Amino acid sequence: MTFTTTTHLNLPGTARAALDFYQSVFGGQVQTTTYGDLGMPTGLPDTGKVVFGQLRSDDGFSVMAYDVPGQTEAVASTTRRENGTTVTDSPFFLSVRGSSFDETARRWEGLADGATVVEPFAASAWSAGFGMLTDRFGVTWVVDVESTDAA
């Protein structure tokens, strides 16, 4: 038996835009099913919104997203650096770790488009490259390069 885990984002009507944006960063294929595809009558406010959405890339990246019914505004959370410490009220961060500095930096640059950078992508005590940002959809990402040090 095999198990996998995939982050599932609950968004306020921006799931399709978020999945398309993440596809521009990570590549892969987006699949979506709308509430209308599952029988919601045409003309209702949520008919065209995403009930099941997923991006899968050839290199193993996967994220799911859906539009919370009736929600049109993001639930605000904040993540910031304060006195050298990350302070947040977000219940989770989405972490992406790459084995290559150049490929990881490229993903960082893509995610940074329209984002609020919490900590710039740079060398850290534990990684050749580490950064944190909150993207244009309100999702906070931790991006780093896998350490070759076993410690």
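**Asp 46 and its surroundings**

Reply: A polar atom of the Asp 46 side chain lies 2.8 Å from the backbone nitrogen of Gly 70. This is a predicted model, where local features need pLDDT of at least 70, side-chain atom pairs count only at pLDDT 80 or more, and totals for chains, interfaces and linings use all residues. Residues are numbered from 1 along each chain as its sequence is written, and side-chain values use heavy atoms, with hydrogens and water left out.

Me: What makes the pair of Asp 46 and Gly 70 a polar contact?

Reply: A polar contact is a pair of N or O atoms within 3.5 Å; within protein, one must be able to donate a hydrogen and the other to accept it, and residues adjacent in sequence count only if both atoms are side-chain atoms. The distance here is 2.8 Å, so the pair meets the cut-off.

Me: Why is Asp 46 called buried?

Reply: Its relative accessible area is 10%. Buried means under 20%, exposed over 50%, and partly exposed in between (1.4 Å probe, protein chains only). Therefore Asp 46 counts as buried. Asp 46 sits in the loop between β2 (29-34) and β3.

Me: Which residues does Asp 46 touch, apart from those up to four places away in sequence?

Reply: They are Tyr 35, Met 40, Pro 69 and Gly 70. Contact means heavy atoms within 4.5 Å.

Me: Why is Thr 7 called partly exposed?

Reply: Thr 7 has a relative accessible area of 31%. Thr 7 lies in strand β1. Beyond four places in sequence, Thr 7 is in contact with Val 63, Met 64, Phe 92 and Leu 94.

Me: What makes a group of residues a nonpolar core?

Reply: It is a set of buried Ala, Val, Leu, Ile, Met, Phe, Trp, Tyr and Cys residues joined through side-chain atoms within 4.5 Å. The largest one here has 26 residues. Leu 9, Tyr 22, Phe 26, Val 63, Leu 111 and Trp 141 touch the most other members. Among the elements giving two or more residues are β1 (7-11), α1 (15-26) and β10 (140-145). The largest share, seven residues, comes from α1.

Me: How many helices and strands does the protein chain have?

Reply: The protein chain has two helices and 10 strands. Helices (H or I, at least four residues) and strands (E, at least two) are DSSP runs, numbered from the N terminus. Of the 151 residues in the chain, 37% count as buried.
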